[in-house]
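Hi everyone, thanks for coming.

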Amino acid sequence: MSNSNKFKTIFLFTYAAGGAIGPLLGQYLDGIGFSGTRIGTVTALGTAMAALGSACWGRVFSNAKDGRKVILMLSLIASVMAVLDSLVGGFLIFTIVYAVLFFFQGPINGLNDAMVLAEGEEYAGIRLWGAIGYSISVFISGRIGEYFGLQNIFYIYALSYFVGGLMIMTIKTGKPAVSVEAGSPKGKISYRHLFKEKKAIQLLVCGVFVLGSTLAHNTYFGFLFRDGGGNVAGIGTVFLLMAGSEAIFMPLAPWLSRKLTQERLLLFAIILATLRFGWYATGPSYQALLATFVIQGVVNGIILVEYVKCLSRSVNPRLIGIAMSAYYACCTNGGVIFTNFVSGVTMEHFGSTGVYALLAGMNAVAAVLYVIFGLHKPMKHNNR
């Protein structure tokens with residue numbers, strides 16, 4: 001099996017883990033008696049630890065002789081902690097275990113991305129398998145949760161990371177996984193090098209709003225769907241359709257990028273996300289949500305592929321590994337810290353439609369900043 005196919009398998013399983021917990025964790029916590037504020041606190045703290053973990057383990061990975069072993073260790077610990085979390089129900093203990101879990105799990109996807117980019121693989125073609133794994137997992141997890149109990153999402157999560165972690169050791173490379181960093185001062189990479197990259201920092205600032213709202217949506221969409229008349233099994237079905245449509249648009253994103261330019265394509269996706277969440281804030285029926293599933297495919301299929309690629313183009317090639325760690329720490333984790341917590345409080349006082357008014361506002365802010373920073377203008381490849 002080629003490295004490309006191995007990476008596809010790894011992404012299939014690691015994103016399947018996210019599909020098991022992401023959309024259904026809020027339903028599980030609601031089922032064991034957690035309030036909206038407590039749900040927001042759990043998810044925000046977990047994401048905060050993921051951001052911290054990404055920063056810490058990103059440096060370890062960037063300077064390790066064999067980055068694969070770092071990913072394997074993180075995957076195995078995440079699997080064990082997930083099983084432990086399924087066995088506890090008290091708010092304090094659950095929150096502590098969940099936070100520790102995300103300290104180790106948080107960096108994994110970013111480090112996998114860094115390996116793909118460092119090895120020169122086609123990112124879009126590999127990342128779409130993450131969308132496939134996510135969509136299949138959320139469908140299966142929804143069915144299992146409906147009929148056998150939502151605590152089973154933790155076992156699906158654990159198994160997925162266990163397999164993904166073992167698979168990473170099969171990647172063949174004659175160089176350190178992050179050898180793209182070679183040539184840095186004294187062979188060491190730190191975040192201070194990244195702060196010199198203006199475009200990268202601007203992308204990270206916008207990404208906090210864009211990715212924060214995109215990922216918080218996975219937690220709170222279930223409440224909007226149920227408020228519109230749907231059930232838990234239906235949540236799995238609609239996420240199968242939405243995440244599955246991402247897999248269709250991800251390989252199309254590079255073609256669209258060549259037609260419109262990557263920078264303008266990203267602006268289009270951010271504006272479409274704003275309109276989408278704004279419509280969700282009106283409280284559509286679950287049938288309407290099902291009927292418009294493809295909008296997520298368009299938005300996420302573009303953003304989840306092209307944002308990473310745009311960020312990697314904006315930095316010195318030797319900084320790609322640390323840039324990916326910063327992306328996951330600041331955008332897919334840091335942005336969600338704020339969004340998940342505030343969304344939990346908002347839901348408790350204004351319901352699920354209030355949450356989506358908040359998410360629409362965040363995307364609107366991102367679109368304005370994106371234009372102010374001039375990120376919509378074509379950027380030359382940084383090949384210093």
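So, how much space lies in the largest pocket? The answer is about 170 Å³, and please keep in mind that this is a predicted model.

Who lines that pocket? Leu 12, Phe 13 and Ala 16 are among the lining residues, and so are Gly 133, Ile 136, Ile 156 and Leu 159. The elements giving two or more residues to this lining are helix H1 (3-21), helix H7 (123-148) and helix H8 (152-168). H7 has the largest share, with 5 residues. By class, we have 7 nonpolar and 4 polar residues in the lining, and no charged ones.

Let me stay with H8 for a moment. With 17 residues at 1.5 Å a residue, H8 should span 24 Å, and its end C-alpha atoms are 25 Å apart, which agrees. Its buried residues include Asn 152, Phe 154, Tyr 157, Gly 164 and Gly 165. Ser 160 is also buried, and you have it in the pocket lining too. Among the elements covering the buried residues of H8 are H1, helix H2 (25-31), helix H5 (91-105) and H7.

How many cavities of 30 Å³ or more does the structure hold? There are 2.

Last topic: the rings. The count comes to 22 aromatic pairs. Take Tyr 28 and Phe 94: their ring centres are 6.2 Å apart and their planes are at 35°, so this pair is tilted. Since Tyr 28 sits in helix H2 and Phe 94 in helix H5, the pair ties together parts that are 66 residues apart in sequence. Both Tyr 28 and Phe 94 are buried.

Phe 103 and Phe 104 have ring centres 5.2 Å apart and planes at 85°, so that pair is edge-to-face. These two are buried as well.

Finally, one aromatic cluster is formed by Tyr 28, Phe 34, Phe 91, Phe 94, Tyr 98, Phe 102 and Phe 154.

Terms used: Residues are numbered from 1 along each chain as its sequence is written. This is a predicted model: local features need pLDDT of at least 70, side-chain atom pairs count only at pLDDT 80 or more; totals for chains, interfaces and linings use all residues. Side-chain values use heavy atoms; hydrogens and water are left out. On a 1 Å grid over the protein atoms alone, a cavity is a set of points where a 1.4 Å probe fits but cannot get out, and a pocket is an open set with protein on both sides within 12 Å along at least five of seven lines; lining residues have an atom within 4 Å of a point. Grid points are joined across faces, edges and corners, and a volume is the space filled by probe spheres set on the points. Helices (H or I, at least four residues) and strands (E, at least two) are DSSP runs, numbered from the N terminus. Ala, Val, Leu, Ile, Met, Phe, Trp, Tyr, Cys and Pro count as nonpolar, Asp, Glu, Lys and Arg as charged, and the others, Gly among them, as polar. The expected span of a helix is 1.5 Å times one less than its number of residues. Buried means under 20% relative accessible area, exposed over 50%, partly exposed in between (1.4 Å probe, protein chains only). Contact means heavy atoms within 4.5 Å. Rings of Phe, Tyr and Trp (its six-membered ring) pair if their centres lie within 6.5 Å; planes under 30 degrees apart count as stacked, over 60 as edge-to-face and the rest as tilted.
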